[in-house]
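Hello,

Here is the structure we talked about handing over. Please have a look, then read the notes below it.

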Amino acid sequence: MTRYARNMIGYGPDAPDPQWPGGAKIAVQFVLNYEEGGENCVLHGDQASEAFLSDIAGAAMWQGKRHWNMESIYEYGARAGFWRLHRLFTSAAIPVTIYGVASALARSPEQVEAMKNAGWEIASHGLKWVEHKDMPEDEERAAIAEAIRLHTEVVGERPLGWYTGRCSENTVRLVAEEGGFAYVSDTYDDDLPYWLEVGDRDQLIIPYTLEANDMRFATAPGYITGEQFYQYLKDAFDTLYAEGSDGRPAMMSIGLHCRLIGRPGKMAGLKRFIDYIAGFEGVWTPTRLDIAVHWAKTHPHTRKTRPSQMDRDTFVGTFGGIFEHSPWIAERAYDLELGPAHDRAAGVHSALARMFRSASYDERLGVLRAHPDLAGKLAAAKRLTAESTSEQSSAGLDALTDAERAQFTELNTAYTEKHGFPFIIAVRDHDKASILSAFQRRIANDTATEFTEACKQVERIARLRLEDLL
């Protein structure tokens, strides 16, 4: 059994209505990353200086040394940038979510006090602003626990949101296993929150952003001017707002850093954007915790049986009859690389259809011959499968006149004698008249053409059955 862990479907075409408070068309959420004092620095016990997300072009880590320029850029974020942003957001009455590195918060008591006085959410951004990709699992678990402990000590309450940023493949699982977070944001994979099942824990995920993010001022390709940042945010907002007006509300996350957007020329673009969205109705500007509370109440998670997680007997027992009397198709499909994308009707159908298509001619012929005649002897004797009974009934084939039954019998006999398998059509796509019309048209085809068409109809029947089942 091969299972694919990545989720490539998400909500698919069926994204839920977020039902944002007040009927808002869009939720615009601002995150301010507070990392200053938590970055790599030999003063913090690290082996080298920081090299990530600054205005120093081509910065490299200095092993065993302090990087005075790098440190001073981070210090600008705490000393000047934070306060400029604090004035901007408090004057606009927009609450902010702080992604606070615990060790950075501990070194910034006045900033923490200002965050709390403003009513901002202070989520956890980990213990230190360092890379986690090579961190052993036990060490990362311990770092998460220490981040929570220190955060609680410094802020006065534990964090309910989490974002590591420079995370490992274990981060989301480890944070979910901790069990106390209302949401985790170490993903970039959707426009809406969603639930992730981690063991016995149903963890809410609120995806974050790396593109509507001022970090692009410090990366290439990126923003050069505040105007470019404003224009990108405006375009994203306009697109999402229009979608919300069409009944598809979504969420827009905006990522900010004190030492980057806190510079005057860059912040001018942010201010323009805040002024711009103030001119629209139906714009909700919550914290991420506000979103988490709303989503948990409005869209609570319900666990469902997932085909990709079934054992073989359950999978075959559930889907063995989708292709008429041909459980071998489900048995083979079970051994494919199944994943979350196969937990919906289209996904299961894809797996089953692949095995049907790759089967030998004789095997596919056997599937065709397993199908009953339309309104034939099996139907009269009530010996059809439940699926076939329902399908034929939906097209009125269980209520034929004597003349109609005789016509179907004549056509069935002629078709089967000519082609060697019964006439197959997805009757739920038709009514009685269109079925008869197709019957009379297709009986004249050559057998190769009809074999191909019959196989397509078998796949269509399977798809409709799966929609009923899932």
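**Cavities**

The second largest cavity holds about 50 Å³ of space. A cavity here is a set of points, on a 1 Å grid over the protein atoms alone, where a 1.4 Å probe fits but cannot get out. Points are joined across faces, edges and corners, and a volume is the space filled by probe spheres set on them. This is a predicted model, with residues numbered from 1 along each chain as its sequence is written. Local features need pLDDT of at least 70, side-chain atom pairs count only at pLDDT 80 or more, totals for chains, interfaces and linings use all residues, and side-chain values use heavy atoms, without hydrogens or water.

The lining of this second largest cavity consists of Gly126, Leu127, His132, Glu140, Ala143, Ile144, Ala147, Trp162 and Thr164. Lining residues have an atom within 4 Å of a point. Helix α4 (residues 137–155) supplies the largest share, four residues. Helices (H or I, at least four residues) and strands (E, at least two) are DSSP runs, numbered from the N terminus. By class, the lining has five nonpolar, three polar and one charged. Nonpolar means Ala, Val, Leu, Ile, Met, Phe, Trp, Tyr, Cys and Pro; charged means Asp, Glu, Lys and Arg; the others, Gly among them, are polar. The whole structure has three cavities of 30 Å³ or more.

**Largest pocket**

The largest pocket has about 1,800 Å³ of space. A pocket is an open set with protein on both sides within 12 Å along at least five of seven lines. It is lined by 44 residues, and Asn7, Gly10, Trp195, Arg306 and Pro340 are the closest to its centre. Two or more lining residues come from each of α5 (171–178), β7 (194–198) and α12 (345–357). β7 gives the most, five residues. The lining counts 21 nonpolar, ten polar and 13 charged residues.

**Helix packing**

α12 also packs against helix α18 (residues 447–469), at about 150 degrees and with axes 9 Å apart. Axes are lines fitted to C-alpha atoms over the stretch in contact (heavy atoms within 4.5 Å), and angles run from 0 to 180 degrees between N-to-C directions. α12 is therefore roughly antiparallel to α18 (over 145 degrees). Their contact has ten nonpolar, one polar and four charged residues.

**Backbone**

Ala220 and Pro221 are joined by a cis peptide bond, omega about -5 degrees. Pro221 sits in the loop between β8 (201–205) and α6 (226–245).

Best wishes

Conventions:
Angles under 35 degrees count as roughly parallel, over 145 as roughly antiparallel, 65 to 115 as roughly perpendicular and the rest as oblique.
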